[in-house]
Amino acid sequence: MKTLSQWLAHLETAHSNGLIDMGLERVGEVKRRMKLNPACPVVIVGGTNGKGSVCAFLTAIYKEAGFKTGTLTSPHLLRYNERIALNGQPVSDRLITDAFERIEAARGDISLTYFEFNTLAAADIFIREQADIIILEVGLGGRLDAVNIFDGDVSVITSIDLDHQAFLGDTVEQVAYEKAGILRGGRPAVCGQNPPPQSLLDHARSVGADLLLYKRDYSLAKLENQQWSFRFHPEHSSTFSDGLKRNRNALPMPALRGSYQLANAAAALAAIECLNAKLPIDAGAIKRGLLGAENPGRFQVLPGRPLTVWDVGHNPHAARAMRQNLIGLPFAQKRTAVFSILADKDIGGVAAILKDQFDIWYVAPLHLPRGMSGEAIETALRACGITEIRRFPNVAAAYRAALADSGENDRIAAFGSFHTVAEVMTITDKPTGHHAAG
């Protein structure tokens with residue numbers, strides 16, 4: 001029996017040297033051989049940003065309501081097991097390696113990518129563990145993503161913007177078409193962006209999906225005393241022809257920080273309403289779930305001083321959201337960015353949006369095949385008019401220096417990639433007087 005680390009080392013090189021290979025024929029055939037047909041409702045969550053947060057809200061709320069939840073997310077920050085969770089907790093190495101063995105036996109001479117093994121293993125585990133609800137986060141795009149071998153009882157598309165252009169296209173309309181691939185005829189589809197791109201509307205109409213639009217079929221309102229309300233009013237929906245309307249009032253602000261998290265929470269609640277006949281949820285579970293949802297690295301504000309933020313955002317859409325959230329933080333005397341990004345991302349777009357939020361940038365390369373050199377990062381930042389830059393050999397060194405150079409009234413934000421946040425999360429030897437990682 002291979003250990004999990006041996007399996008993962010094998011999977012990273014087994015299929016076309018670990019490259020992304022889009023398409024559903026191979027993984028779909030292995031799914032058929034393994035008879036992976038969930039008996040419980042499935043929610044598929046896609047979009048450019050906000051997918052992980054919607055999955056976190058759904059997981060926490062269903063768990064609080066007493067339902068057994070199986071959640072697939074990606075990428076992981078520190079441990080592969082984070083990707084496959086039961087009731088919000090990463091599953092054991094043994095459950096994963098047993099699932100990998102079953103996939104290996106079923107695939108025969110069919111070659112599978114790392115993410116395809118990942119998706120099949122999650123479904124296999126959730127079905128065997130008799131989950132009451134399965135929540136699957138799309139890895140890349142939608143139409144050709146391995147998750148799309150499953151039919152969602154509800155699909156959620158959080159937001160649509162440019163990212164992964166090499167795979168999804170260079171226009172928002174092209175990206176939206178790829179994301180819309182998870183929609184199914186006669187099934188509700190929640191869209192958190194209004195107005196949505198025309199290609200998404202066209203695709204929803206062509207497949208006969210029941211599209212529920214933010215601000216048209218469901219909405220939110222901020223109330224006083226740190227509360228908000230959710231309204232579900234799907235007048236345009238054939239699924240809810242009985243005129244179902246539901247209000248959820250006096251909801252607490254979500255534990256996940258950031259103004260955009262209310263829209264993510266509302267999208268999750270709309271999906272929950274769509275499944276309410278099968279999996280009824282009481283108001284108490286919603287309130288406890290909103291307060292208990294965890295999604296590390298998404299505008300995560302750590303306890304202690306200097307005020308420190310971790311954010312995995314790596315595209316202009318995420319940078320705009322991060323900028324709004326930074327503006328909402330208390331005044332800081334000195335604002336330090338600890339920044340690294342992958343070479344295939346829009347560094348110029350990210351830097352242009354965030355440059356006014358920092359006084360100095362501590363930059364470092366990510367030591368990965370897709371990593372960008374420190375020199376290239378500095379050159380790109382200077383092209384955006386950023387002049388205060390210090391370069392370090394790695395992200396950990398940059399983060400330690402930022403902590404050492406910051407006083408109580410300063411602010412540090414480490415961001416630009418999942419890999420950037422993962423590196424700072426592993427640092428335990430922080431200078432005395434500073435907070436420990438939360």
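**View 1. Strand β14 is mostly covered.** Five of the five residues in β14 (335-339) are buried. Buried means under 20% relative accessible area, exposed over 50%, and partly exposed in between, with a 1.4 Å probe and protein chains only. Strands (E, at least two residues) and helices (H or I, at least four) are DSSP runs, numbered from the N terminus. The model is predicted: local features need pLDDT of at least 70, side-chain atom pairs count only at pLDDT 80 or more, and totals for chains, interfaces and linings use all residues. Residues are numbered from 1 along each chain as its sequence is written, and side-chain values use heavy atoms, with hydrogens and water left out. In a regular strand, side chains alternate between the two faces of the sheet. In β14, R335, A337 and F339 are buried on one side. T336 and V338 are buried on the other.

**View 2. β14 has parallel partners.** Two strands pair if DSSP finds at least two bridges between them. Five bridges link β14 with β17 (residues 411-415) in the parallel sense. A337 has A413 of β17 as its bridge partner. β14 also runs parallel to β15 (residues 360-363), joined by four bridges. Here V338 stands opposite Y362. From β14 the chain passes through helix α12 (residues 347-354) to β15, a right-handed β-α-β crossover. Right-handed means that, with the strands pointing away from the viewer, the path from the first strand over the helix to the second runs clockwise.

**View 3. Six strands form an open sheet.** Their order is β12-β13-β17-β14-β15-β16, with mixed pairing. The edge strands, β12 (300-301) and β16 (389-391), each pair on one side only. β13 (residues 307-311) runs parallel to β17, with five bridges between them. V309 stands opposite A413 in β17. Helix α14 (residues 395-405) lies across β13, β14, β15, β16 and β17, at about 170° to β14. Axes are lines fitted to C-alpha atoms, for helices over the stretch in contact, and angles run from 0 to 180 degrees between N-to-C directions.

**View 4. Three strands form another open sheet.** The order is β9-β10-β11, and the pairing is antiparallel. β9 (218-223) and β11 (246-252) are the edge strands. The twist averages 15° from one strand to the next. Six bridges join β9 to β10 (residues 227-232). L220 has F230 in β10 as its bridge partner. Helix α9 (residues 261-274) packs on the sheet and touches β9, β10 and β11. Contact means heavy atoms within 4.5 Å. The direction of α9 makes about 40° with that of β10. Helix α10 (residues 283-292) lies across β10 and β11, at about 45° to β11.

**View 5. Helix α8 has a buried face.** In α8 (residues 198-207), S199, L200, H203 and A204 are buried. They line one face of the helix, because they fall within an arc of 135° seen down its axis. The arc is that of the directions from the helix axis to the C-beta atoms. R205 and S206 are exposed on the other side. The buried residues pack against β6 (154-157), α7 (172-179), β7 (188-191) and β8 (210-213). Just after α8, G208 takes a positive phi of about 80°.
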